[in-house]
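Please open the model in your viewer and keep the selection panel at hand. The tour moves from one selection to the next and says what is there at each stop.

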Amino acid sequence: MYMVHREFHLKHSRISVVFQLVIILLIIFILYQSLNVLFLIFSIILLVISFLLFNKKEKIEYLAYLDDDVWSLKFKNNKQIYRIGIKNILNHQLYVVIQFKQSEQKPIVIWFDQLNRTQWKNLKVLSVLK
């Protein structure tokens with residue numbers, strides 16, 4: 001089976017950071033109305049720590065089709081290229097979730113601003129076909 005346009009070079013997503021910050025602000029707003037000041041400050045500190053830890057995880061730089069259901073995956077700041085199998089691709093319009101066959105590999109989220117327009121369209125088509 002010949003696969004064309006199955007190579008994705010990912011950039012850093014600004015939309016995901018904005019989305020996370022908006023959710024954090026909504027949580028803070030709800031907590032402000034329901035908690036006293038001491039618990040609110042403690043909750044804000046926990047939210048900031050969780051935001052920093054979440055954004056510290058390894059980012060994917062490259063995803064490309066190899067053969068059959070085998071794909072190559074490369075993380076930033078890591079020279080090793082992994083061979084993985086994709087189980088499912090879920091299209092949620094603003095982002096795409098890719099689930100892998102290997103249980104140790106966590107699903108990845110690719111936001112629309114991480115790819116150029118043609119790569120984003122190719123990924124959405126791939127989600128329909130997969």
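Begin with the largest nonpolar core, which has 20 residues, and select Leu63, Trp71, Ile98, Ile110 and Leu123, the members with the most contacts inside it. A nonpolar core here is a set of buried Ala, Val, Leu, Ile, Met, Phe, Trp, Tyr and Cys residues joined through side-chain atoms within 4.5 Å. Two or more residues of this core come from each of β2 (60-67), β3 (70-75), β4 (81-91), β5 (95-100), β6 (108-111) and α3 (117-129); helices (H or I, at least four residues) and strands (E, at least two) are DSSP runs, numbered from the N terminus.

This is a predicted model, in which local features need pLDDT of at least 70 and side-chain atom pairs count only at pLDDT 80 or more, while totals for chains, interfaces and linings use all residues. Residues are numbered from 1 along each chain as its sequence is written, and side-chain values use heavy atoms, with hydrogens and water left out.

Next, select Trp71 and display its surroundings: leaving aside neighbours within four places in sequence, Trp71 is in contact (heavy atoms within 4.5 Å) with residues including Arg6, Phe8, Leu63, Tyr82, Ile84 and Leu126.

Move on to Ser72, which is placed in strand β3. Ser72 counts as buried because its relative accessibility is 7%, where buried means under 20% relative accessible area, exposed over 50%, and partly exposed in between (1.4 Å probe, protein chains only). Opposite Ser72 stands Ala64, and the strands β2 and β3 pair in the antiparallel sense over six bridges; two strands pair if DSSP finds at least two bridges between them.

Now show the sheet as a whole: six strands form an open, antiparallel sheet in the order β1-β2-β3-β4-β5-β6. β1 (7-9) and β6 stand at the edges with a single partner strand each, so one side of each is left without a neighbour in the sheet. On average, neighbouring strands are turned by 35° against each other, direction ignored.

Finally, select helix α1 (residues 14-34) and helix α2 (residues 37-54), which pack at an angle of about 165° with their axes 10 Å apart. Axes are lines fitted to C-alpha atoms, for helices over the stretch in contact, and angles run from 0 to 180 degrees between N-to-C directions. Where do the two helices meet? Among the residues of α1 that meet α2 are Val17, Leu21, Ile24 and Ile28, and the α2 side includes Leu40, Ile44, Leu47 and Phe51.
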